[in-house]
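Let's take a walk through the charged side chains of this one. Have the structure open and follow along pair by pair.

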Amino acid sequence: MATIKVNCRFCNQTTPVRKHGTGTAGFQRFRCLDCKRSFQLDYAYEAWKVGVKEKIVDMAMNSSGVRDTGRVLKVGYNTVLRTFKKLSPRQITTIPFDVANIKLICEVDEQWSFVRNKKNQRWLWYAWEPRYKRVIAHAFGKRDTETFNELQRLLSTFTIPFYCTDNYSVYSANLPKEKHIIGKIYTQRIERTNLTLRTRLKRLVRKTIGFSKSEEMHDKVIGTFIEREYYL
Ligand SMILES: [Zn+2]
């Protein structure tokens, strides 16, 4: 007699797993006595299988559109959207900069994108720290003071001696003169990061018909990319 050990899908243990009848699609069910949850090894629908939800997000972070993802992973269009809806990316880095001792020099820039149609603009505002070579905070909204204030609120946890920005008027109106350096030459690294985003996220690629249909999805997908690349 051959015995196959089954790992619990949730806690990865083998000893507490018992058979638990068959599901409606005819697959064997299992139950874990430890975490009291039941699961199957095989499912009728692709999206239920282990790891598929992670792949949906991975594909979005590698320039696949929602329909591309659906076709490759053999899941529905709505499954892809539902997976994005459940994302809740942070807007600020988790790296514990010692706020009292480390002074961060910040490059701040904003990137144009749109939701639904080109008139409905949605800007990504973010701050880049050149020494640590990473994005440290981001915010979405209009290209106005309100969104910049949200970014500043996030940045208020850091000690920032200098802000380097382009010469957009919102910066000069809201930043103290002695801390503000203006010029394209000081924002080269953040401009390069703009290109990374445009290459890796289909909804930011120019001249495609891939774009966001809702602000929520837009912010969540782009936010997740930034979180995965820079905040962890
Ligand atoms: Zn378990």
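**Salt bridges, pair by pair**

Start with K49, which is partly exposed at a relative accessible area of 25%. Keep in mind that this is a predicted model. The partner to look for is D42: the two side chains meet in a salt bridge, 3.6 Å from N to O. D42 is partly exposed as well, with 34% relative accessibility.

Now for a pair that reaches across the chain. R90 forms a salt bridge with E227, and their closest N and O atoms sit 3.4 Å apart. This one links distant parts of the chain: R90 is in the loop between α3 (77–85) and β4 (106–111), while E227 belongs to helix α7 (residues 215–231), 137 residues away.

Next, head for E110 and R143, whose side chains meet in a salt bridge at 2.7 Å, N to O. E110 lies in strand β4 and R143 in the loop between β8 (134–141) and α4 (145–155), so this pair ties together parts that are 33 residues apart in sequence.

Salt bridges with shared partners join D42, E46 and K49 into one network. Across the whole model, the count comes to 14 salt bridges, among them the K49–D42 pair we began with.

Note on methods: Residues are numbered from 1 along each chain as its sequence is written. This is a predicted model: local features need pLDDT of at least 70, side-chain atom pairs count only at pLDDT 80 or more; totals for chains, interfaces and linings use all residues. Side-chain values use heavy atoms; hydrogens and water are left out. A salt bridge is a side-chain nitrogen of Lys or Arg within 4 Å of a carboxyl oxygen of Asp or Glu. Buried means under 20% relative accessible area, exposed over 50%, partly exposed in between (1.4 Å probe, protein chains only). Helices (H or I, at least four residues) and strands (E, at least two) are DSSP runs, numbered from the N terminus.
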